[in-house]
Amino acid sequence: MSDASLPFEQVVFSGGGLRCFWHGGWMAAVKESFTLKPARVTGSSGGALSAAVWLADREKALLERFTRALHGQAANVALDDLDDDHGLTPHQRIYESIVSDVIDRDARDRIADGPAFQISVSTPGGAAAPVLRALASGAIYEVEQMFAPIPRPRLSAITGMEKRLIDANRAARDGTLVDLIRMAATVPPAFRPDEWEGESVFDGGMVDKAPLPHPDRGPTLVLLTKRFHALPNDEDGRITYVEPTEDVLPGAKLDFTDPDLPARAWTQGREDGLAWRDAYTRI
């Protein structure tokens with residue numbers, strides 16, 4: 001690793017299912033030449049796990065553990081899952097098991113003592129029918145992303161879903177970080193919802209795929225896992241958005257039957273990271 005330091009005070013990890021392994025490859029490549037020591041970190045959906053393993057230096061452990069878990073997984077939906085407490089698909093129980101293994105006591109201690117870390121979730125607050133609202137929000141989100149994909153969906157808010165930034169350092173100290181990471185990726189009906197401090201919480205990406213921290217100040221690096229139709233305005237030029245050079249795992253971000261997918265996303269992230277590193281060095 002080089003002694004050269006990148007100037008970013010904030011790092012944001014977007015969501016994206018298995019595409020989030022792009023984060024790990026990108027960071028691994030950039031780390032060969034630069035140090036990155038932000039004051040604040042945020043993550044949404046699968047990006048919450050990306051952020052956690054980056055802060056705990058567990059990226060490779062997550063890649064290996066996820067790959068093992070997908071071996072032998074024959075289907076994404078099975079009839080005997082229909083009454084399972086963990087949802088209609090294998091995704092939630094596999095994901096929870098992986099997170100529990102990788103974010104162990106040592107990882108939680110490192111995260112608790114690290115930079116300010118917030119995880120984004122979406123919630124209808126105290127509104128009625130939270131699952132129906134989440135389902136409606138997810139459907140609206142998918143339509144909007146199909147026609148005009150942007151990192152911060154504009155239409156899902158009409159269902160009453162709101163963003164919450166939760167203190168993940170405190171969750172690490174309290175022993176609830178694994179639960180928080182799992183809840184941050186809750187997409188009904190594949191995942192059954194849970195509650196955080198009395199509110200039903202769901203995948204944060206329905207409201208904001210790339211949530212800026214609070215407080216929000218200073219140069220910011222936002223790592224996206226897909227290419228978007230448009231990026232948010234950044235009038236003062238302090239936010240650097242990094243997108244993959246081409247689609248990552250098109251159509252397969254939630255396919256838990258192919259153990260090669262995490263490594264494919266990682267490899268693409270590493271290639272993009274090397275290209276970004278070389279371009280940055282020339283500036």
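## Close-up views of a predicted model

**View 1. I239 and its neighbours.** Leaving aside residues up to four places away in sequence, I239 touches L212, T220, V222 and D234 (contact here means heavy atoms within 4.5 Å). I239 is found in strand β8, residues 239–242; helices (H or I, at least four residues) and strands (E, at least two) are DSSP runs, numbered from the N terminus. With 13% relative accessibility, I239 counts as buried (buried is under 20% relative accessible area, exposed over 50%, partly exposed in between, with a 1.4 Å probe and protein chains only). G218 is 21 residues away along the chain, and its C-alpha atom is separated from that of I239 by 8.4 Å.

A quick note on the model: it is predicted, so local features need pLDDT of at least 70 and side-chain atom pairs count only at pLDDT 80 or more, while totals for chains, interfaces and linings use all residues. Residues are numbered from 1 along each chain as its sequence is written, and side-chain values use heavy atoms, with hydrogens and water left out.

**View 2. The whole chain, for orientation.** The chain has 9 helices and 8 strands. Of its 283 residues, 52% count as buried. Take the contacts between residues at least 6 apart in sequence: 76% of them join residues at least 24 apart.

**View 3. Helix α4 and its buried face.** Helix α4 covers residues 91–102, and its 12 residues should span 16 Å at 1.5 Å a residue, which agrees with the 16 Å between its end C-alpha atoms (the expected span is 1.5 Å times one less than the number of residues). Its buried residues are H91, Q92, I94, Y95, I98, V99 and V102. Looking down the axis of α4, these buried residues fall within an arc of 165°, so they line one face of the helix (the arc is that of the directions from the helix axis to the C-beta atoms). What covers them includes α2 (46–55), α3 (59–70), α5 (105–112) and α8 (177–183).

**View 4. α3 against α9.** α3 and helix α9 (residues 261–282) pack at an angle of about 150°, with axes 8 Å apart. (Axes are lines fitted to C-alpha atoms, for helices over the stretch in contact, and angles run from 0 to 180 degrees between N-to-C directions.) That makes α3 roughly antiparallel to α9; angles over 145 degrees count as roughly antiparallel, under 35 as roughly parallel, 65 to 115 as roughly perpendicular and the rest as oblique. On the α3 side the contact is made by E59, K60, L63, T67 and L70, and on the α9 side by P262, A263 and W266. The buried residues of α3 pack against α1 (21–31), α2, α4 and α9. After α3 comes G72, with a positive phi near 85°.

**View 5. D57 in its loop.** D57 is found in the loop between α2 and α3, and at 43% relative accessibility D57 counts as partly exposed. Not counting residues up to four places away in sequence, D57 touches K31 and R110.

View 6. The peptide bond from H214 to P215 is cis, with omega near 0°, and P215 sits in the loop between β6 (199–203) and β7 (220–223). E197 is not a glycine, but its phi is positive, near 50°; E197 is exposed, with a relative accessible area of 63%. L249 is another non-glycine with a positive phi, about 45°, yet L249 counts as buried at 4% relative accessibility.
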